[in-house]
Every structure is written in structure tokens, then in C-alpha cells.
Amino acid sequence: MGPSDNTAVNPELLAYLLEQVTPERKALFEQVIAERTRYITVVLEDIYQPQNASAVLRSCDCFGVQGVHIIENRYEYQVNPKVVMGASKWLDLHRYNQEESDNTTACIEHLRSEGYRILATTPHTEETLLPEIPLDKPVALIFGTELEGLSQQAIDLADGSVRIPMYGFTESFNISVSAALCLQSLTDRVRQSGAPWRLSENDHDRILLEWLRRSIKRCDLLEAAFHEKNN
């Protein structure tokens with residue numbers, strides 16, 4: 001469920017590349033991809049702090065969320081290698097950064113066309129608490145900058161707003177903490193809900209192929225040799 005590349009994967013090529021990694025590596029790939037989902041996705045609007053940007057990607061990987069949508073209207077999205085710990089290598093990052101374009105609208109309209117319910121995360125709402133988010137359809141959570149929060153445009157375009165229950169004096173969590181709390185709650189719930197949260201067969205194979213390409217040294221030469229032999 002959710003956006004994916006529908007390009008068919010050559011099963012013989014996939015099998016061939018799987019033979020190029022150790023049995024332990026292959027088993028790890030199969031274990032991780034079995035838990036990947038697009039049913040929950042994350043949208044980041046103008047996140048400019050590399051440490052927070054990287055921490056969110058790390059949380060997405062840890063909780064099995066495959067897709068991250070990055071809106072760059074005013075700020076370029078940058079990661080901190082020491083914080084991200086290689087997590088971005090395993091995720092699909094979709095960037096919306098056309099100059100003089102309404103990247104927020106483009107991202108939200110794209111996700112809505114893919115069947116997502118768009119929810120703006122903000123402490124300034126009484127609409128929906130995190131545990132009350134319905135999971136009858138895929139969910140896209142939009143996060144904004146720490147100081148400024150989401151743009152009013154993102155809030156207006158969203159299907160609703162959501163906040164994390166808090167009981168202290170502080171108004172809000174750090175964005176990386178907010179994302180982690182939201183993902184932990186939603187991914188646990190969706191896995192127990194009976195919703196069709198797993199990857200499609202083609203998406204499973206496409207992602208696995210990309211992981212292999214990023215893991216095998218000079219994979220391009222191996223693929224060229226494979227195609228030459230089979231053509």
C-alpha cells in the first residue's frame with residue numbers, strides 16, 4: 001500500500017545477486033524486508049537541523065517505515081552521518097525541491113493520490129490524539145521545524161491534525177523524539193490491526209534489489225556480466 005515503483009524486477013537477476021552475499025547477510029535482508037511497510041510514511045517540511053533530520057531517518061529504519069518524503073521550500077535537507085548511522089541507505093527518500101514551486105502542495109497532493117490520510121503533527125490542536133488515529137487507510141504524518149512548526153499551508157491542506165499526549169510544562173517534544181514516539185505507536189498498532197501493511201511482492205523485490213546493489217562492491221559489473229550472459 002502506498003507509493004512504490006511498479007517496474008518489474010527480473011527474478012533471475014535478483015536470485016543471482018542474492019548468491020553474491022553471505023548466507024547471514026541474505027537472512028538479515030529477508031528478515032528486515034519482511035517487516036517493511038509503506039502503510040505509514042513520514043513527511044518532513046523544511047527540516048534544516050542535520051542532527052534532527054538524521055535522527056528521524058534512523059527511527060524510520062528502526063520501525064520499518066520505508067518511505068520518507070522531504071519538502072524543501074526554504075531549507076535544504078541535510079543529514080549527519082554520525083547520527084544517521086547509514087539508515088538512509090536502506091530507505092526510499094522522495095524529495096520535493098523544485099525552485100519557485102509549491103513543494104508542500106505537490107507532496108501532499110501526491111500522497112493523497114496514493115491513498116494516504118494526511119495528518120499534521122502539532123501540539124496546538126485538540127482534534128486527534130496519537131492513540132486515536134484511525135488505521136483504516138495508510139497514514140502520512142507531517143513534521144515541521146522545532147521552532148516554527150509546520151507551515152499554515154501544510155496544516156490547512158492536511159486531512160486533520162494529531163498531537164502526542166503530554167502532561168508536563170514543556171509545550172512540545174523535540175522533532176526526532178516526536179517522530180520516534182509516533183512511529184513506535186503507529187507501527188505497533190498497524191501490525192496488530194489486520195490492515196494490509198506489508199509490501200507488495202513487486203515492491204519487496206525492487207527494494208531488495210536496491211539493497212543488494214548498495215551492498216555488493218562493483219555490483220554494476222556483476223549485473224553487466226549477468227545481462228551479457230543471458231542475452
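# A tour from helix to sheet and back

Start by selecting Asn 52, Ala 55, Val 56, Ser 59 and Cys 60 in α3, which meet Ile 175, Ser 176, Ala 179, Ala 180 and Leu 183 in α7; contact here means heavy atoms within 4.5 Å. Colour this group by class and you will find seven nonpolar residues, three polar ones and no charged ones. In this scheme Ala, Val, Leu, Ile, Met, Phe, Trp, Tyr, Cys and Pro are nonpolar, Asp, Glu, Lys and Arg are charged, and the others, Gly among them, are polar.

A word on what you are viewing: this is a predicted model, in which local features need pLDDT of at least 70 and side-chain atom pairs count only at pLDDT 80 or more, while totals for chains, interfaces and linings use all residues. Residues are numbered from 1 along each chain as its sequence is written, and side-chain values use heavy atoms, with hydrogens and water left out.

**Zoom out.** The protein chain has nine helices and six strands; these are DSSP runs numbered from the N terminus, helices being H or I with at least four residues and strands E with at least two. Along the principal axes, the C-alpha atoms fill a box of roughly 65 × 40 × 35 Å.

Show helix α7 (residues 175-193) beside α3: the two pack at about 15 degrees, with axes 8 Å apart. Axes are lines fitted to C-alpha atoms, for helices over the stretch in contact, and angles run from 0 to 180 degrees between N-to-C directions. The pair is therefore roughly parallel, since angles under 35 degrees count as roughly parallel, over 145 as roughly antiparallel, 65 to 115 as roughly perpendicular and the rest as oblique.

**Next, the sheet.** In what order do the six strands of the open sheet lie? Follow β3-β2-β1-β5-β4-β6, with parallel pairing; two strands pair if DSSP finds at least two bridges between them. At the edges, β3 (92-96) and β6 (160-162) each pair on one side only. From one strand to the next, the twist averages 25 degrees.

Now select β4 (residues 117-121), which runs parallel to β6 and is joined to β6 by three bridges. Look for Ala 120, which stands opposite Ser 161 in β6. Then bring back α3 (residues 50-62): this helix packs on the sheet, touching β1 (40-45), β2 (67-71) and β3, and its direction makes about 175 degrees with that of β1.

**Last stop: α1 and its neighbours.** Select helix α1 (residues 11-18) and helix α8 (residues 201-215), whose axes come within 10 Å and cross at roughly 40 degrees. That angle makes α1 oblique to α8. Here Leu 13, Leu 14, Leu 17 and Leu 18 of α1 touch Asp 205, Leu 208, Leu 209, Leu 212 and Arg 213 of α8. By class, this contact holds seven nonpolar, no polar and two charged residues.

On the α1 side, pick out Glu 12, Leu 13, Tyr 16 and Leu 17; on the α9 side, Cys 219, Leu 222, Glu 223, Phe 226, His 227 and Asn 230. This contact has six nonpolar, two polar and two charged residues.
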